[in-house]
Amino acid sequence: MSLSSLERHALVTRRNPDGSTEGLRPDEVSRETWERIGHAAEPVLAVIRAKCLDCCGGSPSEVARCTAADCRLLPYRMGSNPLRERVALSDDERRRRSDRMRALHARS
Ligand code: SF4
């Protein structure tokens, strides 16, 4: 059964003695609780992409056209990292990585 917004909120919120509330630190919340409220482990770039879609009312074309130069997410809004250093691989290293990926896929 899915939780209401209020129930999800309560699982990640602390009520202080003075009645104020504050969010628990992420490491104070168990993995099970995160999953229970709908946060599965996923790549950070996918999370950023989802946030940008949320920011733009679910419109991929609006995300693509975003002009918010001061937003820290702007470079990553398409789900990739254009600032990542490109590493020039030798043929041997490329082959080794390719073999490793093939082995990983064969196991799954
Ligand atoms: S980069 Fe643009 S779409 Fe993404 S969160 Fe920032 S303002 Fe919103």
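**A chat about the fold**

A: Happy to! Of the 108 residues in the protein chain, 5% count as buried. Keep in mind that this is a predicted model.

Q: OK, how does the radius of gyration of the protein chain compare with that of a compact globule?
A: The protein chain has a radius of gyration of 20 Å, whereas a compact globule of 108 residues would have one near 13 Å. Along its principal axes, the C-alpha trace spans about 65 × 40 × 25 Å.

Q: And which domains does the assignment give?
A: There are two entries: domain 1 covers 1–41 and domain 2 covers 42–108. The C-alpha centres of domain 1 and domain 2 lie 28 Å apart.

Q: What's the secondary structure of the protein chain?
A: Five helices and two strands. Starting from the N terminus, the order is α-β-β-α-α-α-α.

Q: Switching topic, what pLDDT does the protein chain average?
A: The average is 94, and 98% of the residues score at least 70. Among the elements, helix 4 (residues 60–64) has the highest confidence at 98, and helix 5 has the lowest, at a mean of 89.

Q: Now the ligand. Which residues surround it?
A: The ligand is surrounded by Lys-51, Cys-52, Cys-55, Cys-56, Val-63, Cys-66, Ala-68, Cys-71, Leu-73, Leu-74 and Arg-77.

Q: How does the shell around the ligand split by class?
A: The shell has nine nonpolar residues, two charged ones and no polar ones.

Q: Which element gives the largest share of that shell?
A: Helix 3 (residues 44–55) does, with three residues.

Q: Why does Leu-53 count as partly exposed?
A: Because Leu-53 has 16 other C-beta atoms within 10 Å, and buried would take 20 or more, while exposed would mean 12 or fewer.

Q: How about Val-47, how many other C-beta atoms lie within 10 Å?
A: Val-47 has 14, so it is partly exposed. Val-47 also lies in helix 3.

Q: And how far apart are Val-47 and Gly-79?
A: They are 32 residues apart in sequence, and their C-alpha atoms are 8.4 Å apart in space.

Methods
Residues are numbered from 1 along each chain as its sequence is written. This is a predicted model: local features need pLDDT of at least 70, side-chain atom pairs count only at pLDDT 80 or more; totals for chains, interfaces and linings use all residues. A residue is near a molecule or strand if its C-beta atom, placed from the backbone, lies within 6 Å of it. Helices (H or I, at least four residues) and strands (E, at least two) are DSSP runs, numbered from the N terminus. Ala, Val, Leu, Ile, Met, Phe, Trp, Tyr, Cys and Pro count as nonpolar, Asp, Glu, Lys and Arg as charged, and the others, Gly among them, as polar. Domain bounds come from an automatic or database domain assignment. pLDDT is the predictor's confidence in each residue, from 0 to 100. The radius of gyration is taken over C-alpha atoms; the globule rule is 2.2 Å times the number of residues to the power 0.38.
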